[in-house]
Amino acid sequence: MVRLTLDLIARNSNLKLRKEETIAQCLKKITHVNFSDKNIDAIEDLSLCKNLSVLYLYDNRISQIINLNYATNLTHLYLQNNCISYIENLRSLRKLEKLYLGGNYIAVIEGLEGLTQLRELHVESQRLPLGEKLLFDPRTLQSLAKSLSILNISNNNIDDIKDLEVLENLNQLIAVDNQLLHMKDLEYLLNKLMKLWKMDLNGNPVCLKPKYRDRLILVSKSLEFLDGKEIKNVERQFLMNWKASKDAKKISKKKSTKNEDASNSYISNFETMHHIVPVYYPETGKPKLVFFSEIQRYPVNGNASPESSHEDNTKITEEMGNLSLNKSESLLTKNDVHEPHLPDDTKV
């Protein structure tokens, strides 16, 4: 069992005391402390290390983040590969810029409110129970919205990252080997993260989706690297031209469909207003369609006289001579009119 103490720091820092200088005074000058892989399981009071800015404690057995409250000048803290379950007791580290917590037992990203200078957060590969995933406290995300630029959340069984939309200054997102599946979620996020220029999602199911890379490049104009591969201007321009062409075809097709629907509607209305009767013309050997209007088909009163009936027949015959279908368009024209053939013994 090894504890990180001031005495241990003093003995391992090769301090050269000046004349009449105390150890306490010398500890105040220390800016970097490296005790990685030393079987350390606890942190003692380090309040005398007033100017400590970088602390390396990775690959140890530390289970709790404590006694760092007075290290107010700390900018870099390396605690990856320990036994930490909760992010706590860090709110007084106002100058902290980089925090490494990968390879621990953390289930929720929390307790970082007030760290307005934090630029990098590395919480990859948490040793979580089977089936559980890393979660984000909305309050912590909101507090990091302005400052955070690099986020590593790889290998944490994460299936949804839409909550990261608040990180408006994020420019690098590493989320490899998770369970991200839906393209729409990624497209939504990229529309929000306008400054993101590097994203790595290798090892997620979504990477196997058709046109995965193409779709993400088209959504984000700021993205320069995707899954470790550079996005060149030629590639982006080609995809933009392809999309513009595709969109133009869709618009053209919609207009064509709209015009066709309008034409069909006109024909349908015309057929509703007129009754269509086929009439055979011996001269052409083909049947023609003759339209009888509703007005002429029905008499005004219920009992029509022979005279009115004769007048109606005359009107119908006149209409038959004036209405027919065009051969190519199947519409009514005036250039294809023929008198219907009547038998010799027909009396008019």
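What volume does the largest cavity have? In this predicted model, the largest cavity has a volume of about 50 Å³.

The largest cavity is lined by Asp159, Asp160 and Ile161, together with Leu180, Leu181, His182, Asp185 and Leu186. By class, this lining divides into 4 nonpolar, 1 polar and 3 charged residues. Around the second largest cavity stand Ile109, Leu121, Phe136, Thr140, Leu141, Leu144, Leu148, Leu151 and Leu167. Here the lining has 8 nonpolar residues and 1 polar residue, with no charged residues.

Leu186, one of the residues lining the largest cavity, also takes part in a contact between two helices, α4 and α5. Helix α4 spans residues 183–192 and helix α5 spans residues 212–219. Their axes lie 9 Å apart, and the helices pack at an angle of about 25 degrees. Angles under 35 degrees count as roughly parallel, and α4 and α5 are therefore roughly parallel to each other. The crossing of α4 past α5 is right-handed.

On the α4 side, the contact is made by Met183, Leu186, Glu187, Leu190 and Asn191. Helix α5 contributes Tyr212, Arg215, Leu216 and Val219. Sorted by class, the contact of α4 with α5 has 6 nonpolar residues, 1 polar residue and 2 charged residues.

How values were computed:
Residues numbered from 1 in each chain as written. Predicted model: local features only at pLDDT ≥ 70, side-chain atom pairs only at ≥ 80, totals over all residues. Heavy atoms only, no water. Axes fitted to C-alpha atoms, helices over the stretch in contact; angles between N-to-C directions. Helix = DSSP H or I, 4+ residues; strand = E, 2+ residues; numbered from the N terminus. Parallel < 35°, antiparallel > 145°, perpendicular 65-115°, else oblique. Left-handed = near helix turned anticlockwise from the far one by under 90°. Contact = heavy atoms within 4.5 Å. Nonpolar A, V, L, I, M, F, W, Y, C, P; charged D, E, K, R; others polar. 1 Å grid on protein atoms, 1.4 Å probe; cavity = no way out; pocket = protein on both sides within 12 Å on 5 of 7 lines; lining within 4 Å. Points joined across faces, edges and corners; volume = space filled by probe spheres on them.
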